[in-house]
Amino acid sequence: MRWIFFLLAFSPLVASADPPVFDKASTLRFNTVCSHCHEGQCSGRLTFSLGPEATFTHIRRYAGDVDDDFARQLMELLELMKKECAFPPLAELDIRQTVHKEALDSYRDDESGNYFIPLGNLELGIHQLNLCFETTVPLRVEVLNEWFDFLVDHCSGCGCGTFSQTLEVDEAGKHFLRVRSQHPLELEELTLIRDSESRVP
Ligand code: HEC
């Protein structure tokens, strides 16, 4: 049996018969540093057009100096995204109350210092999103729904310690928050409140 392990570990492009199991770390890395270029690619399969070596060079360019197993997981996550036409699964954050740093930290990719947070199902209507960061750095806040439509794509060139944004949810369903920056971020607080009086025309 051992040789099978080595074969899989050292031959990143050899497909395993078992369904792949992804670490939270690789899923977070994928969702923070890869997905924005690849979302909406719902072709169902990889093309392998780059070839194995170029694919791994490409992956390490964005993911950092990851080992082969991690790189293989990232590649398989893209395959999963193309097949399911959805973000790779991550546990949803409970946003019924203000969420603090401790809970938010589990949605932070340690390498990039960026965040990807599944917000769960949002109802129709106006929602108010407030984010509070430890420091003031340039960052980009994106909120997408499960069909990869953007509700917010806000690039804050001047940086902001706090960020406040109205979200108009016109299709109830799963939503995702991604915060990206060249600088490692520390998200201290997140609040998402639905304006119960709101109606989207
Ligand atoms: C700045 C945009 C961008 C980023 C970021 C990016 N990619 Fe790509 N990627 C591309 C483009 C463009 C191609 C070539 C065209 C294609 O196959 O989509 C590509 C190709 C690939 C391929 C080959 C696709 C196939 O069908 O064989 C894989 C695998 C891949 N990327 C994985 C990743 C992973 C994993 C990350 C994150 C570590 C990542 N990419 C980050 C733009 C990007």
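Student: What should I know before I start?

Tutor: In this predicted model, local features need pLDDT of at least 70, side-chain atom pairs count only at pLDDT 80 or more, and totals for chains, interfaces and linings use all residues. Residues are numbered from 1 along each chain as its sequence is written.

Student: How many residues surround the ligand?

Tutor: A residue is near a molecule if its C-beta atom, placed from the backbone, lies within 6 Å of it. Here 18 residues surround the ligand. Cys-34, Cys-37, Leu-46, Ala-63 and Leu-74 are the closest.

Student: Which helices each supply at least two residues of that shell?

Tutor: Helices are DSSP runs of H or I, at least four residues, and strands are runs of E, at least two, numbered from the N terminus. The helices are H2 (24-38), H3 (52-63) and H4 (68-84).

Student: How do H3 and H4 cross?

Tutor: Axes are lines fitted to C-alpha atoms over the stretch in contact, and angles run from 0 to 180 degrees between N-to-C directions. The axes of H3 and H4 come within 10 Å and cross at roughly 95°. That makes H3 roughly perpendicular to H4 (65 to 115 degrees).

Student: Which strands does S4 pair with?

Tutor: Two strands pair if DSSP finds at least two bridges between them. S4 (residues 125-133) pairs with S7 (residues 162-169) in the antiparallel sense over eight bridges. Leu-129 has Gln-165 of S7 as its bridge partner. S4 also pairs with S9 (residues 187-194), antiparallel, over seven bridges. There, Gln-128 has Ile-193 as its partner.

Terms used. Parallel < 35°, antiparallel > 145°, perpendicular 65-115°, else oblique.
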